[in-house]
Amino acid sequence: MKRRALVLFFTLLFCLAFPLPASANSAEPPCLTVLVAGAPKDLTLSLEFDDSLSLKPVVLTGEPKAWEVYYRFNYYNVSFNYNDGRSFWEYGPEGLTGAQLVVDTGEETFSLPIDPTGFSRYNNLLTLNLSSRTLTNGQPWWRMPLLIFLRVGLTLFLEGLIFFLFGYRDRRSWIVFLVVNLITQLGVNLCIHLLFPVTMNAYTSMLLGVFFYTPMEIVVLLVEMAAFALLLKEQRKRKAAGYAAVANLFSWALGGWLLTALPL
């Protein structure tokens, strides 16, 4: 034991005496996301910069999801370097005085100004309304409630069908079903909207889905198994717990698909 302690002590001492430089990524660089609902297929968005740095226009990459398309801009999209060799995305837009979002629908082209301070913050979200030609910060107030309603509604329909197939018919049983599921599903979907922002790219969303969504669904499964076994009196506790397990496995698969198919 003493020998191991001495080896560890001298190892730490060696590391402190001879430090070595290391490079690693921390958070992803700041980005700008433009949300467009009902975007036409020919829609192209690009950024033009008002500055003295001669930055070239940048065409934004579109990521479609159901009826929405996310157009993203990251610092690493700009291949410009300052005179001293520093890159745009590493040190920020120091010489940037303004920018315009150029919108090309295939039939017409117009531009809208963007506040340059938005390029120095993380997870910036703008919503483009093509019909009114407006660009607003954030998302419409009704968007998040609508998406939560769709996810919870689809989940309740699926789990309700399984509940019926398990033979539950009493009014009290269905009240228990609705109350328990509304509490758990609303909680899950609120967590999704807090931890899966619109500005998150697909890769990060996938990682969070594996390391957060999966454990969360396991917790919900265990909670609902206990709650239904305790509260449902129409049939045996074992059958109530079995229903919760089966319903949550199907709901788990449905929820994973909805995360990839529906907007976040």
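1. Which glutamate does the side chain of arginine 143 meet in a salt bridge? The partner is glutamate 68, at 2.8 Å from N to O. This pair links distant parts of the chain, with arginine 143 in helix H3 and glutamate 68 in strand S5 (residues 68-74), 75 residues apart. Both ends are tucked away: arginine 143 is buried, and glutamate 68 is buried too. Keep in mind while you look around that this is a predicted model.

2. Now follow H3 itself. After the helix comes glycine 167, with a positive phi near 95 degrees.

3. Which residues of H3 are buried? Among them are Leu147, Ile148, Arg151, Val152, Thr155 and Leu156. Further along the helix, Glu159, Gly160, Ile162 and Phe163 are buried as well. Arg143, from the first point, is also on that list.

4. Five strands make up an open sheet with mixed pairing, in the order S4-S5-S1-S8-S9. Strand S4 (61-65) and strand S9 (134-137) stand at the edges with a single partner strand each, so one side of each has no neighbour in the sheet. From one strand to the next, the twist averages 25 degrees.

5. Strand S1 (residues 31-37) and strand S8 (residues 124-129) pair in the parallel sense over five bridges; valine 34 has leucine 126 in S8 as its bridge partner. S4 and S5, on the other hand, pair in the antiparallel sense, also over five bridges.

6. Two residues lie between the strands, and alanine 66 takes a positive phi near 55 degrees. Lysine 65 has glutamate 68 in S5 as its bridge partner. That is the glutamate whose side chain meets arginine 143 in a salt bridge.

7. How many salt bridges does a search of the whole structure find? It finds three. In general, side chains of opposite charge can pair when their charged atoms come close. Besides the pair in the first point, the side chains of glutamate 63 and arginine 72 meet at 3.1 Å, N to O. Arginine 72 counts as buried because its relative accessibility is 9%.

8. The side chains of glutamate 108 and arginine 133 also meet in a salt bridge, at 2.3 Å from N to O. This pair links distant parts of the chain: glutamate 108 is in the loop between strand S6 (96-104) and strand S7 (109-114), while arginine 133 is in the loop between S8 and S9, 25 residues apart. Are these two residues buried or partly exposed? Glutamate 108 is partly exposed, with a relative accessible area of 36%, and arginine 133 is partly exposed with 39%.

Key. Residues numbered from 1 in each chain as written. Predicted model: local features only at pLDDT ≥ 70, side-chain atom pairs only at ≥ 80, totals over all residues. Heavy atoms only, no water. Buried < 20%, exposed > 50% of the residue type's maximum accessible area, 1.4 Å probe, protein only. Helix = DSSP H or I, 4+ residues; strand = E, 2+ residues; numbered from the N terminus. Pairing = 2+ DSSP bridges. Axes fitted to C-alpha atoms, helices over the stretch in contact; angles between N-to-C directions. Salt bridge = Lys/Arg side-chain N within 4 Å of Asp/Glu carboxyl O.
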